[in-house]
Amino acid sequence: MTALLEVAGLTAGYGAVRALHGIDLTVGENEIVAVLGANGAGKTTLLRALSGTVKAAGRASLGGLDLTRTGAHRIARAGLGHVPQGRGTFTGLTVEENVRLGLLSRPAGARGQADGDLTRIYETFPVLQEMRRRPAGALSGGQQQMLALARALLARPRLLLIDEPSLGLAPLTSADMFAVLSRLREEWSLSVLLAEQNARASLKVADRGVVLARGRVVATAPAAELAADASLRAAYLGTAADSPEGVTA
Amino acid sequence: MTEFLQQTVSGLTTGLVYAALALAIALIFQGTGTLNFAQGEFATLAAFVAFALSTAGLSWWLVVPVLVVVAFVFGAGVERLLVRPVENSGPLALLTVTAALLLGTNAVTALIWGTDVRSMPSPFGDSVFHVGALTFTAQALGGGALVLVTMLVCGAVFRFTPLGLRLRAVADNPDSARLLGISTGLMLAVGWGIAAAVGAIAGLVAAPTLGLSPELMTNALLLALAATTLGGFSSRLGAVVGGLLVGVLSNLASRYVPGIGGDLQLVVPFAIIFLVLLVRPQGLFGRASTVRA
């Protein structure tokens, strides 16, 4: 079986500065892959290169579509969702309008399930229903993160890229977020590429982990194996990244 | 009191033209982040096209929809052909393009129709109505109603339709809009098209009162820019209210403040705007820009 996402020799950067030096990676159907690495390892750039928001070269294909030669909005329509770092909510629009934009973006074949999906989203994130008439900019950081995730899910992506969902969240909120992520696959039947600094929490929800350092892949292994590999964690993920994990674990 | 009301009504009539033009300017500002200095010239061009269509024997009932469609295509085309190529060159490049469009459109209009002021018959006829002691011309009532309906339709499109939601999403956060599969380029072109259509109605309504010439909207553009500043560039409703205020205030000031008269009346709205902006730099209806998390 061929993978949903196949990446080989992918390079990308900003202007003259190269941030990715030939990434190889696959994500299978219904698989959750965690992309781990310290700050500046290239996690965000990798996700941006895949969603077409940063220019990239090399090979990256989503179910046969060449991602390096396709515009961002066409990639999105082909079934790739991206919850960007900083959440990217439409702050001037209401929560409900943000949610509706997600529904508008779904493929024609999924229009029929829109009502059911919306009910499910409001069950998962009751706070979004309570706040639906408020401007999204008035939400807290954690609520905005939930809104960004909800909006991306409602577009019914085949592959969802999630960038640092726990960044800047209080430990408890962050734990809530990982609890939601662990149920994503069952409830939405999709594949996930999750970029996180919090290695321990993300390896718990992922099937496999890919460790990046300075724009290169330094390790790929099943999540349980990576979680047990203390030397790898010390070498590439840094002890600093471990400190908040004690709280969320 | 009657005269005060009559002056207010007359101010509202001109104010509606400013309001429609201000709305067009605000629409483009929200989408592109630039001021379209050529918005007034687009409206003038539209007025000439309407005049030509009506002279050619087309009934006004057909002129209005034809004009709206032609203006939409024109506005969207200008965005595609002349604005898109410099979109990423920064706000000053965009501003320069719209200033060039102002001069260019003005020159083309003058070249085709000449610079003499023509009188354009009112699409609404010459009747006059009396309500109590107040007098309304058919042009003022019909023109006012047409502009109002245009603004309401435009507002409804933005507020209640999927297209409007996409347009607002692109204005709010273009990067996130792209991640949801929205073509920001297409939405910008549509925004310019809608703005040009709204402006065309403003030109059509202004021409019978002000006289049709390439200078038709020169003052109106300045007042519409002032109205947009007053109401707040980030608010469509603000731009409309700003336009009405500017119309009414300049009319009342010229009548009641000694020494102002017809020539100085333009100064009045600007003085008020200056005072408002001292207190609220974002305009009456504008939101202070929110910090994104």
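Predicted model: local features only at pLDDT ≥ 70, side-chain atom pairs only at ≥ 80, totals over all residues.

Author: Helix 1 and helix 2 of chain B cross in a right-handed sense. Their axes come within 10 Å, at a crossing angle of roughly 125 degrees. The two helices are therefore oblique to each other, since only an angle over 145 would count as roughly antiparallel and 65 to 115 as roughly perpendicular. On the helix 1 side of chain B, the contact is made by B:Leu21, B:Ala24 and B:Ile25, and helix 2 of chain B answers with B:Gln39, B:Gly40 and B:Ala43. Sorted by class, that gives four nonpolar residues, two polar and no charged ones.

Now for helix 2 of chain B in its own right. It runs over residues 39–55, and at 1.5 Å a residue its 17 residues should span 24 Å; the C-alpha atoms at its ends are 24 Å apart, so expectation and model agree. Of those 17 residues, 13 are buried, so helix 2 of chain B is largely enclosed by the rest of the structure. Just past its end, B:Gly57 has a positive phi, about 105 degrees.

Back to helix 1 of chain B (residues 2–32), which has another partner in helix 9 of chain B (residues 218–231): these axes come within 8 Å and cross at roughly 65 degrees. That makes helix 1 of chain B roughly perpendicular to helix 9 of chain B. This crossing is right-handed. Helix 1 of chain B brings B:Val17, B:Tyr18, B:Ala19, B:Leu21, B:Ala22, B:Ile25 and B:Ala26 to the contact, while helix 9 of chain B brings B:Ala220, B:Leu221, B:Leu223, B:Ala224, B:Leu225, B:Ala227, B:Thr228 and B:Gly231. The tally here is 13 nonpolar, two polar and no charged residues. B:Leu21 and B:Ile25 turn up in the helix 9 contact and in the helix 2 contact too.

The contact between the chains takes 25 residues from chain A and 18 residues from chain B. On the chain A side, helix 2 (72–77), helix 3 (95–104) and helix 6 (141–154) each supply at least two residues. Helix 3 of chain A gives the most, with five residues. By class, the chain A side has eight nonpolar, 13 polar and four charged residues.

While we're in chain A, a couple of loops are worth a look. A:Asn30 has a positive phi of about 65 degrees although it isn't a glycine, and it sits in the loop between strand 2 (17–27) and strand 3 (32–36) of chain A. A:Arg214 also has a positive phi, near 50 degrees, and its place is the loop between strand 9 (208–213) and strand 10 (216–222) of chain A. With 14 C-beta neighbours inside 10 Å, A:Asn30 counts as partly exposed; A:Arg214 has 14 such neighbours and counts as partly exposed as well.

Notes:
Residues numbered from 1 in each chain as written. Chains lettered and ligands numbered in written order. Helix = DSSP H or I, 4+ residues; strand = E, 2+ residues; numbered from the N terminus. Expected span 1.5 Å × (residues − 1). Buried ≥ 20, exposed ≤ 12 C-beta atoms within 10 Å, placed from the backbone. Axes fitted to C-alpha atoms, helices over the stretch in contact; angles between N-to-C directions. Parallel < 35°, antiparallel > 145°, perpendicular 65-115°, else oblique. Left-handed = near helix turned anticlockwise from the far one by under 90°. Contact = placed C-beta atoms within 7 Å. Nonpolar A, V, L, I, M, F, W, Y, C, P; charged D, E, K, R; others polar.
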